[in-house]
Amino acid sequence: MLRITKQSEYLPVQTAVTVGKFDGFHLGHRSLLSEVLKEKENGLASCVISFSATVDNERSLIYTKEEQRKLCESMGIDVLAEYPLNESLREMTAEQFVAEILCKKLQAKVIVAGEDFRFGKGRLGDVAFLQSLEEKYGYRTVCIPKVTEEDVRISSTVIRELLAEGKIAEANGLLGRPYAVFGEVLHGKKLGRTLGFPTMNLIPSAEKLLPVYGVYVTRINVDGQWFDGITNIGLRPTVDSDQQVSVETHLFSYDGDLYGKQVEVQFIEFLRPERKFADVDALKAAMFDDVKKAKAILEKIEGII
């Protein structure tokens with residue numbers, strides 16, 4: 001996948017383009033990306049413009065920019081244009097954006113947009129405006145209706161609320177895939193190993209939105225293979241006091257060195273809130289129970305699949 005970050009760059013191929021922030025990478029976003037990918041059959045490269053605005057609040061992005069790149073690549077997107085939402089872009093009129101960015105720089109022949117898409121200075125551009133410029137600039141507009149799931153309008157805001165409540169299954173339904181944390185396995189304090197539960201540790205970036213602290217049933221992708229496990233998100237109050245948020249995962253059947261590997265941890269179901277136990281023995285007993293419950297849940301899910 002080609003990644004471009006400067007507005008001055010030109011693409012040498014004609015494209016089908018969609019535009020957005022894509023921080024949730026949810027079913028609504030996926031409907032836009034799927035439509036762009038269809039145009040590859042017509043000889044057009046699939047292109048996504050993902051605006052990169054300054055993140056004001058910590059833990060606000062369902063998927064960080066780096067994670068969005070991985071997801072775009074996994075779907076088969078050809079070009080990811082990551083434009084900073086700077087003053088130059090903010091001051092562009094809707095027609096300037098169409099003419100200079102979409103058509104001139106990115107050679108758009110198909111523009112895919114959601115029915116509520118707004119763009120340009122003052123947010124004056126919309127789908128009807130795109131359609132009005134088709135003949136002038138030589139492209140075709142595809143309008144995608146708003147996606148709903150059981151009458152729930154899918155949005156990143158709704159998904160954030162579900163994650164904050166630990167409602168992983170509901171959030172996953174709107175995301176179209178299990179919520180995940182991507183990252184490099186780092187060296188930890190090896191506390192899990194002393195408890196009989198060796199773990200791999202990820203330290204999520206400050207902008208990554210995390211679900212409510214607690215223990216989750218998870219599946220982990222290591223080198224293209226999937227493994228079952230349990231994951232604790234939080235501060236490990238029973239055995240640690242440094243107040244650093246970690247994503248700590250115990251894999252049920254992995255035998256090997258994970259340090260330095262890039263992994264994906266998918267969250268399947270919430271087991272219990274994180275809490276401080278009276279002592280290490282009480283924590284170990286809880287972890288044995290967590291593993292037992294997680295295996296039963298995963299066995300049931302795999303049986304359905």
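Predicted model: local features only at pLDDT ≥ 70, side-chain atom pairs only at ≥ 80, totals over all residues.
Colleague: What makes Arg272 and Asp290 a salt bridge?

Modeller: Their side chains meet with N and O 2.8 Å apart. A salt bridge needs a side-chain nitrogen of Lys or Arg within 4 Å of a carboxyl oxygen of Asp or Glu, so this pair qualifies. The two residues are 18 apart and link distant parts of the chain: Arg272 sits in strand β14, Asp290 in helix α10 (residues 280–304). Helices (H or I, at least four residues) and strands (E, at least two) are DSSP runs, numbered from the N terminus. Arg272 is buried because its relative accessibility is 16%.

Colleague: How do you know that β14 pairs with β9 and with β11?

Modeller: Two strands pair if DSSP finds at least two bridges between them. Five bridges join β9 (residues 180–184) to β14 (residues 262–273), and nine join β11 (residues 214–222) to β14, so both pairs pass. β9 runs antiparallel to β14, and so does β11. For example, Phe182 has Glu264 as its bridge partner in β14, while Tyr216 stands opposite Phe270.

Colleague: Why are Lys121 and Glu91 called partly exposed?

Modeller: Lys121 has a relative accessible area of 43% and Glu91 is at 38%. Both values fall between the two cut-offs, so both residues are partly exposed. They also form a salt bridge, with the closest N and O atoms 2.9 Å apart. This pair joins the loop between β5 (108–114) and α5 (127–132) to the loop between α3 (87–90) and α4 (94–105).

Colleague: How many salt bridges does the structure hold?

Modeller: There are 17, including one between Asp228 and Arg219 at 3.7 Å, N to O. Arg3, Arg69 and Glu82 are linked in a salt-bridge network.

Notes. Residues numbered from 1 in each chain as written. Heavy atoms only, no water. Buried < 20%, exposed > 50% of the residue type's maximum accessible area, 1.4 Å probe, protein only.
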